[in-house]
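Visitor: Please take me closely through one part of this model. I would like the ligand site, then its surroundings.

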Amino acid sequence: MLEQHSSSQATRNLLLVAPAIVVLVLLVVIPLGIMAYVSLLARGEGSGVNWSSNISGAAYLSFFVEEDFDGSLVPNYSYLLSFLRSIAQAIFTTAICILLGVPMAMWMAGLDTKWRSLMVLVVTIPFWTSLLIRNYAWLIILRQDGWAQEFVNAILPAEWKVSLLYNDFAVAVGLAYSFLPFMILPVFSTLEKFDWRLLEAAYDLGANKWRAIRNVVLPISMPGIVAGSLLVFIPSLGSFITPALLGGGKTLMIGNLIYLQFTSSRNWPFGAALSIILLGLMFVCIAVLALRQKRNAAVSGRKRAK
Amino acid sequence: MGTALTVDVRGVSKSFGHGRNAVQVLNDVSVKIAEREFFTLLGPSGCGKTTLLRLIAGFEDVDRGDIFIAGQRVNDQPPFRRNVNTVFQSYALFPHLTVQQNAAFGLRMKDLPREEIKRRANEALEMVRMSALANRRPSELSGGQQQRVALARALAPRPQVLLLDEPLSALDLKLRKEMQIELKQLQNQAGITFIFVTHDQEEALGLSDRIGVMNDGVIMQVGKPIDIYERPTHRFVANFIGDINLLEAKVSNGKALLKSGHLVECDVSAHSPSSSVSLAIRPERARIVKETDTEANFAGIVDHFAYMGTALVYQIRLLEGTKFLLRETTANGAGQFAQVGSRVGIKVAPEAIRVLRD
Amino acid sequence: MKPSLRRIPLSREISFAVIAYLYLPVIVLAAYSFNANRTATVWTEFSFNWYLRILHNPSIQAAALNSLIVATAATVASTIIGLLAAVGTQKRFKGRSTLEGLINSPLILPEIVVAVATLILFVSVGIGVGLLSITIAHIAFCIPFAYLPIKARLAEMDKHYNEAALDLYANRFDAFRLITLPLLWPGILSGATLAFVISLDDFITSFFLSGPGATTLPVYIFSSIKAGITPEVNAISTVMVLVSIVLVALSFAINRIGKPIRR
Ligand SMILES: Nc1ncnc2c1ncn2[C@@H]1O[C@H](COP(=O)(O)OP(=O)(O)OP(=O)(O)O)[C@@H](O)[C@H]1O
Ligand SMILES: [Mg+2]
């Protein structure tokens, strides 16, 4: 509801929100600003950054090239590859979540109210338990001498011996496991009020079951799937715990790269630059989605106008 | 009714929203309400009744104009400094407090001595016959009981003005009739000015000392129920309250000339010759006579007819095509029915015709 | 009605698999924590041994105490801030959605980015790392978790309650204290519980800001895992998961107080 605001009311509201603004500006906005600044500095000798160095894009440049021992710049694709691997890993995770989460959401939407709320709880609870511990649990299951590995190697031919842990597969399993609820819940909420008679009508009109689902249920759940994909994709892209625990030394993701710059490598400007690039990537994804939604709204608006 | 003013609204305007979305909700509204008066605001949905009450209570600020309560300008006073209490349509009883605590809330906030708070809260509950349920929570009460508690809560601090926004609309018909009577008695007993909002015309006519009829952010007419009903000043007021027939006419030689050519005797002294006017005639003020009767003012054909127990209701098509509603009482026996399709004459006494400017 | 149509083919089977996928790992972890065998690959017999061991492990105790201190302080601060913000953003005003975006930004931004940015800030202004830094940083990302349930509760609340209190001569503070606050309690408790759980379970921010002697439980668990799996870690992890689940269930239960049961 629109309220006319006298200035005293506006002042009161501002005072009430002020502490939250102060805390979040101090602890989110300003740090990100300083980090953007640091990404333009040079690394320090003792500490991670040399505060008095000149501003330059060197940290961003070192994302693509490295200095050879004779001082000439040669291309270095390893960081770019890590980024691409992160994106691929995040896409793969999103795909797994769609394959598992969408049918689950559809199943939940068809349940009785009582069972539905129980299932929502079942899907929600893992989100509130420690991500670290949940990934650690996978470490136990997938580890070298674990029963899962023994079982897999027992079925596979002897010359195909595989390792389940410390590879992209393990990371995908862990990421999908970590973020699956973010796919299930939005899709479920778009389907929650779905009128199943629509499906029955399509069925009566001669569509077979699969076609009825494809042409009726899927389009209706699409906004949920899109939102869920974003909610899975973004934290997967910036994930750190899962690749740190389940990934191998060769399967670095962006999160691990950033981590390294602030720990063993002590190269804050480069870590800051990586962080800024990650943020940029995320905002591009969100912006693309927002644009898409705007266009869809415009299209459906035009359709309605006809 | 006293003569001193309690509420004086002077040229108040109010709009919501900004820029292109701004909606003018009240437009230069002025009304004076006397001490101990039962004043009712009546009008169609969205005409600004609630907004006017909220301005008087202080929940919203006026854009222009002034509001005086007991002679004091209260424009800048917050609600808790205005000696005005509200009975909300949804009652808004505090769900975590008991009936007694609800009734005592205003007294508590006035920092009265504990003894007095208790006594006066109990008195207020007594007045609405809710003492027996003083320890219940609002959720354990029926709609009518909640309504009474809301009244007691608003009356306990003895405000100068009580604002009631459709307080009875959530009740069923029977309970509503009971509460109407109680409300009137309470008002007499408490000696407080009531400003009452309702959609129900019968409620408004039966309870009020005066009624203000609102439309589209403007007060069209203020008057006693009998003035509003018998002597509406606008077509809108005439139409809005009760059933009425409006016939187009032209002033001609001190009479009104209908489209059908009939000359009708009525008081047109307020209107200039040959100006267009509407004749407002209540259905119960017209009589059916023989078409040939010399007393007949105009004529028509009976389109429809219904026996309603206490009345006979006719729908008559006048010669120029206008529909005319006519209600004859059966108090003196049902008499003769005019047949559907028959031509009849209609007789209206000159004083029963209200001539309105178009 | 053809109820069979409601069942999308395979969706039930997939759902059961998903539920297993979500819960089996934690159950396996819990099971291992009761295994008497240290190597943990083979089951020998049921034992509470590892739980008893954590009771006598000073580093675990110190880390647990740190976690509790941080979570309690961050919860109190973020709940108060979140409550004020929820009341302040109740009515629409220009810039409200931007403000809400700021308040909820920790939910969208990758935690590792904000964590290292905070590290840079604290080091550059000289606060450095340690328990205090961890607590301050936790306040920021706990705010949305406290804010959202309180705001939802406020939105559901009849705004006439507040007006009725003002109408009955309560000043704004009394109206808030005597009417709004008591009706808001379930939302506040629920938000506080969620903030507590989020702070208790946080690893990334705590990791970057932890210094010598300022280790929280998740940071301890991470370093233990890196050093090699031990049954004690399984036990303390199981305890943490259990605490989270109990608290979250409690939070949901509290939040249902005073709400009409849904159809
Ligand atoms: N806070 C507000 N913001 C914007 N518009 C409002 C607000 N309050 C009222 N209005 C608008 O002002 C107009 C008058 O509203 P008001 O509630 O005063 O009408 P009312 O006469 O009480 O109607 P009803 O009989 O339906 O209760 C309506 O068009 C309404 O939409
Ligand atoms: Mg109204």
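Guide: In this predicted model, a polar side-chain atom of His199(B) lies 3.0 Å from an oxygen atom of ligand 1. Lys49(B) also places a polar side-chain atom by the ligand, 2.8 Å from an oxygen atom of ligand 1. Cys47(B) uses its backbone instead: an N or O atom there lies 3.2 Å from an oxygen atom of ligand 1. A polar contact here is a pair of N or O atoms within 3.5 Å; within protein, one atom must be able to donate a hydrogen and the other to accept it, and residues adjacent in sequence count only if both atoms are side-chain atoms. On its own, ligand 1 has 640 Å² of accessible area, of which the protein covers 69%. Those areas come from the Shrake-Rupley method with a 1.4 Å probe.

Now the shell. Ligand 1 is surrounded by 13 residues (a heavy atom within 4 Å). The closest are Ser45(B), Gly46(B), Lys49(B), Thr50(B) and Thr51(B). Helix 1 (residues 49-57) of chain B contributes the most to this shell, with three residues. Helices are DSSP runs of H or I, at least four residues, and strands are runs of E, at least two, numbered from the N terminus. The site is shared between chains, because residues from chains A and B surround ligand 1. By class, the shell holds five nonpolar, six polar and two charged residues. Ala, Val, Leu, Ile, Met, Phe, Trp, Tyr, Cys and Pro count as nonpolar; Asp, Glu, Lys and Arg as charged; the others, Gly among them, as polar.

Helix 5 (residues 131-142) of chain A packs on helix 1 (residues 11-33) of chain C at about 75°, with the axes 9 Å apart. So the two helices are roughly perpendicular, a label for angles of 65 to 115 degrees. Axes are lines fitted to C-alpha atoms over the stretch in contact, with angles from 0 to 180 degrees between N-to-C directions. The residues of this contact (heavy atoms within 4.5 Å) divide into 12 nonpolar, no polar and one charged. Among them, Trp138(A) and Ile141(A) lie on the chain A side, Tyr21(C) and Leu29(C) on the chain C side.

Chain C itself has 11 helices and zero strands.

A note on conventions. Residues are numbered from 1 along each chain as its sequence is written, while chains are lettered from A and ligands numbered from 1 in the order written. Local features need pLDDT of at least 70, side-chain atom pairs count only at pLDDT 80 or more, and totals for chains, interfaces and linings use all residues, while side-chain values use heavy atoms, leaving out hydrogens and water.

Notes
Parallel < 35°, antiparallel > 145°, perpendicular 65-115°, else oblique.
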